[in-house]
Structures are given as structure tokens and as C-alpha cells.
Amino acid sequence: MSDAPPAIRLTGLTKEFGSVTAVDHVDLEIGAGEFFSMLGPSGSGKTTVLRLIAGFEQPTGGTIELFGQDVTKKAPFDRDVNTVFQDYALFPHMSVLDNVAYGLRVRGVKRAERRDRAMKALEAVRLAQYAERKPAQLSGGQRQRVALARATVVEPKVLLLDEPLGALDLKLREQMQVELKQIQRDLGITFIFVTHDQEEALTLSDRVAVFHDGRIEQLGTPWELYEQPASRFVADFVGTSNLFDPERSAALIGREGEHSIRPEKLTLNAHAATAHGERSAPGTLVESIYVGSGIRRVVDLDAGMRVTVLERNDRSRASDDERGDRVHVTWHDADVVPLIPPGE
Ligand code: ADP
Ligand code: MG
């Protein structure tokens, strides 16, 4: 790491609305050029953190630094950030180009330069050929790209995005995820992206902060969050997990405390595991669900817990396992993740 200050540094950031603590002593550093996501369920405080960074809200406590400069008390327009919202609110009567150039006009940039920079911003989101259209003549995904160009044309150092793809349907959202990542890489600026969609956060981000009740429950790379969830909440919220309570952990895994194992790390076998480093538990198959890319199997273990096993769909024939079959659920010791109880 260089000595350069981080793009964003939050220290003890807190926001109370009456008796509700929306943001609870958040400490966070985000590097320049990072694609950073804040992930969490509805009401976990993500939007409030974004609004505090943008300056639309004043914190109850703590500080906000942008590139080493304390901006906690500064007005929104004195901060080198810009925001893209979910309802992109383009001006319907203006052309795409004028929509994008609007922020420059407000800043007193001359007409020729405005046009030039707006065209460049539109090229970056691959919409230059639609410059003269009206927003209504574009698709939802294209409109969202116009909103992105409008936010980036003023060259903010940090772009804040609050669930910008939330209004798009699944197919389009997946397309836009790829584009967003490319655009961020091309521009080389810091993106702070808010979403409640765990797959979206994992796909796009260099690092992700998982929010829960106004606090960061875990901060890490997508790989770390998925492979090494630190708490029951993260294991459950990021992907699906089989959670072993202390009693089952002791009996089946042979370790103290709570543990989780991902469904794709479990396999079904006719016999108990014998290989070194493997363990298994007997149970009864209660459901096989065909999910296209795989088969999800639900097994009631004799130890009194239900697990989900995800088998890859790499067989040409349909499986002949049947409900009620006796099976052994097998895993590798290395795939067992210890969970740290909250507060430790
Ligand atoms: P998220 O974006 O993760 O869904 P928010 O930051 O919008 O969460 O909200 C966090 C908490 O703060 C919620 O309990 C919400 O009801 C509350 N909250 C947010 N904004 C306000 C406000 N302006 N007035 C009162 N409560 C608010
Ligand atoms: Mg929100």
C-alpha cells in the first residue's frame, strides 16, 4: 500500500433518527479506484451511510474524510462525490446529450466544452449514437447508463450508487453488472455501490462490507465472505449455508462452537466416508429439486438437523435417488467454516 490517503475514511460514523440508530459507529477505509459494495438487508443502514458521505445528512457523531480531507461539515457541492440513484430521474424534455451536459452547465462550463465532455461521457457508457434521443426513446438499461454518464461527466473522484440496478429486470441487470464493472475500470474512479443482492455484490466488487443493524458485520473480498463467513448472519445472508449448532458440531464435525458448510461442498453417497480428511453423517433423503444447473437435495440427518446438498448437473441421465432413501452426506474437513459468535 502507498502512503496516499484512502478515497474515503469513516471514523466512528454514527447517525441517529430519534430513537433509531441507523448507523452505529462505523469505521471504514475505501481505497482510491476500488469497487466497493455495501451489502445488507433492508433497513441495515446502507443508504444512510451513502447519504452521509454525499453530505445529504449530517452525522450524529464521527467523521468523514475524502482523500485525507475532513469533509464532515462541508456542503454536498463542496465534496468531490456524485450520486446515482435507483430512479434515475432524467429530464424528459431534454435530449440525452443535454441531460448529461446539465451538471456542466450548472457549473458554468462553456457550451463547446460541455458538448465535448458530455459526448465523451456517453462514449464511455457506449451510448454516443443515442445523444440526440429523448430519454423516453431508450430502454431501462440505456436510461440507467445515461444517469451514469450524467454523474461521471463532472469527473467526481468517488461515485456513490444506491441500488442503481434495482429497477431493472434480471436479464438486463446481469448485463448492466458487466457493463458497470467495465465502466468503473475504464474511468478508474472509486465506486461505492449499495445493494441488498448478495450475488450482485460478489460479482462486482473488489471488497464488500456486510451491514447488519447499522454496523459492519464483516468486511472482506467476495472470496473471503463466501468461503470464510465470520458469523451466522454472514453465512446465512451471503449465499446459503448449512449451519451446525455447537451440539451437532461436536457430534458430527468433532469441533467446538458453531460451524457452517456450503451446500456445494456436501456430497451424497451410499456409504460412509473412509478417505482421510473426510467425514460423513447418515440421514434420509427427503427431497430432490432439479434446478437446471444442478440438483438440490434435502436430507434429514439422523442427528436431528436438515441439510441441503447441491450437486452439479454433470450427468446425462436423471438421478435415480428417491425420496426416503438412506444416504450418507459427506464433506471434507477443509470445507468446514468455524463461525465466530457476535461480540468476539
Ligand atoms: P438500507 O438502505 O440499508 O435499507 P437505511 O439507511 O435506509 O437502510 O435505513 C436504516 C434505518 O434508519 C432504518 O431503520 C430506517 O427506517 C431508518 N431511517 C432512515 N432514514 C430515516 C429518516 N429520514 N428518518 C427516520 N428514520 C430513518
Ligand atoms: Mg437503501
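## How helices H2 and H3 cross

In this predicted model, the axes of helix H2 (residues 96-106) and helix H3 (residues 111-124) come within 9 Å and cross at roughly 120°, where axes are lines fitted to C-alpha atoms, for helices over the stretch in contact, and angles run from 0 to 180 degrees between N-to-C directions. H2 and H3 are therefore oblique to each other, since angles under 35 degrees count as roughly parallel, over 145 as roughly antiparallel, 65 to 115 as roughly perpendicular and the rest as oblique. The crossing of H2 and H3 is right-handed, a crossing being right-handed if the near helix is turned clockwise from the far one by less than a right angle, and left-handed if anticlockwise. Helices (H or I, at least four residues) and strands (E, at least two) are DSSP runs, numbered from the N terminus.

## Helix H4 and its partners

The axes of H2 and H4 come within 7 Å, with a crossing angle of roughly 30°, and H2 and H4 are therefore roughly parallel to each other. Helix H4 (residues 140-152) also crosses helix H5 (residues 170-187), at roughly 20°, with their axes coming within 11 Å, which makes H4 roughly parallel to H5. The crossing of H2 and H4 is right-handed, and the crossing of H4 and H5 is right-handed.

## The shell around ligand 1

The residues around ligand 1 include Phe17, Pro41, Ser42 and Lys46, a residue being near if one of its heavy atoms lies within 4 Å. Strand S2 (20-30) and helix H1 (46-54) each supply at least two residues of this shell, and the largest share, 3 residues, comes from H1. The shell divides into 4 nonpolar, 6 polar and 1 charged, with Ala, Val, Leu, Ile, Met, Phe, Trp, Tyr, Cys and Pro counted as nonpolar, Asp, Glu, Lys and Arg as charged, and the others, Gly among them, as polar.

An oxygen atom of ligand 1 is 2.6 Å from an N or O atom in the side chain of Thr48, while a backbone N or O atom of Gly45 lies 3.0 Å from an oxygen atom of the ligand. The protein covers 59% of the 560 Å² of accessible area that ligand 1 has on its own, by the Shrake-Rupley method with a 1.4 Å probe.

## Basis of the values

Residues are numbered from 1 along each chain as its sequence is written, and chains are lettered from A and ligands numbered from 1 in the order in which they are written. Local features need pLDDT of at least 70, side-chain atom pairs count only at pLDDT 80 or more, and totals for chains, interfaces and linings use all residues, while side-chain values use heavy atoms, with hydrogens and water left out.

Note on methods: Polar contact = N/O pair within 3.5 Å; in protein donor to acceptor, adjacent residues only side chain to side chain.
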